[in-house]
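Please have your viewer ready.

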Amino acid sequence: MKILASLVLFKHSFDDIKETLSALFQEDSISKVIIVDNGEHCAWLDSFVHEKVQIIRVPVNKGFGAGHNVVFERFKGQSDFLLICNPDIHFEKGEVDALYDFSRSEGVGLTVPKIVYPNGNNQYGCKLLPTPYQLFIRRFCSVVTSGVNQRYELRDADYNKTFFAPSLSGCFLLISKDALNIVKGFDERFFLYMEDVDISRRVCDTGLPVRYYSGSTVVHVAQSKSYKSLKFLAYHIFSAVKYFNKWGWFFDKKRSTLNSLCLSVLPKSNK
């Protein structure tokens, strides 16, 4: 198989994900779509049938990464790539096929396409590895957020070119079989948020290429729940604490090395 697409649901209705499913079904490179019902709350799946779909019921919701890890463990080694896909993504036919062709030909371990909002604005799915200061300012100090984001989100990069970034958005992430076999999936200590930053830097450590690919585009609705819900804000804070406890708060040599490498090879926009 070329690509297994992994879609983790939690209390989603069919209407919530029908556009995402339609987009995934149309791609030749996607051999199978695995739907994980995290917490067994999607009763409509009992009667849902599609030739590309396999459904996995997980009785307890252990988080975003844990849900995708179920797919990795169940189908280990059976496909060239695993596509981590949020249920609020859609795209035109051929976008994943292009991403797959690039990733396969270049031997890429981890890649994302250009990710845009429904209005077409760039969502900046590529970032530097964060410092505690950057995450705090972005979340709580909106007056100075713009300046911090300019560097952290690589907004000066030329997104019409392919480049290396040490942190890639987990909303639509293509990871190779070789990379998965080394990193063993997501770190399940992160229930929600920061798991994509963590796995990005771990794939960087494998020596396999980590790339943003400019030749493919997907649309992400991006609900930004941590800005609207205290519960999701708490998830984000707890995950950030776990991340910095794991990798270092103020002294993180690997962060400095990878960020410097990114900035040194980054193609700059002429805008």
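The paragraphs below go from salt bridges to helix packing, a surface patch and a loop residue.

A word on ground rules comes before the tour. This is a predicted model, in which local features need pLDDT of at least 70 and side-chain atom pairs count only at pLDDT 80 or more, while totals for chains, interfaces and linings use all residues. Residues are numbered from 1 along each chain as its sequence is written, and side-chain values use heavy atoms, with hydrogens and water left out.

Let's begin with charges. A salt bridge here is a side-chain nitrogen of Lys or Arg within 4 Å of a carboxyl oxygen of Asp or Glu. By that rule the count is 12 salt bridges. One of them joins D15 to K18, with the closest N and O atoms 3.6 Å apart. Both residues sit in helix α1 (residues 14-25), and being 3 residues apart they are separated by about one helical turn. Helices in this text are DSSP runs (H or I, at least four residues), as strands are (E, at least two), numbered from the N terminus. For accessibility, buried means under 20% relative accessible area, exposed over 50%, and partly exposed in between, with a 1.4 Å probe and protein chains only. D15 counts as exposed because its relative accessibility is 56%, whereas K18, at 41%, is partly exposed.

Helix α3 (residues 95-106) holds another pair, R104 and D101, which are 3 residues apart, about one turn of the helix. Their closest N and O atoms are 3.8 Å apart in a salt bridge. R104 is partly exposed at 49% relative accessibility, and D101 is partly exposed at 39%.

Now for a pair in another setting: D252 forms a salt bridge with R201, the closest N and O atoms being 3.0 Å apart. This pair links distant parts of the chain, 51 residues apart: D252 lies in the loop between α8 (230-247) and α9 (253-265), and R201 in helix α7 (residues 195-206). Are these two buried or exposed? D252 counts as buried because its relative accessibility is 5%, and R201 is buried at 0%. Elsewhere, D187, R189, D198, R202 and K246 are linked in a network of salt bridges.

R201 also takes part in helix packing. Contact means heavy atoms within 4.5 Å, and R201, C204 and D205 in α7 meet K254, R255 and L258 in α9. Two packed helices are described by the angle between their axes and the distance between the axes. The axes of α7 and α9 come within 12 Å and cross at roughly 80 degrees. The two helices are therefore roughly perpendicular to each other.

Not counting residues up to four places away in sequence, S200 touches L110, P166, S167, L168 and V210.

Return to the loop between α8 and α9, where W249 is found. W249 is partly exposed, with 32% relative accessible area.

Our last stop is N122, in the loop between β6 (110-116) and β7 (126-127). N122 is buried, with a relative accessible area of 18%. Leaving aside residues up to four places away in sequence, N122 touches K114, I115, V116, Y117 and Y159.

Terms used:
Axes are lines fitted to C-alpha atoms, for helices over the stretch in contact, and angles run from 0 to 180 degrees between N-to-C directions. Angles under 35 degrees count as roughly parallel, over 145 as roughly antiparallel, 65 to 115 as roughly perpendicular and the rest as oblique.
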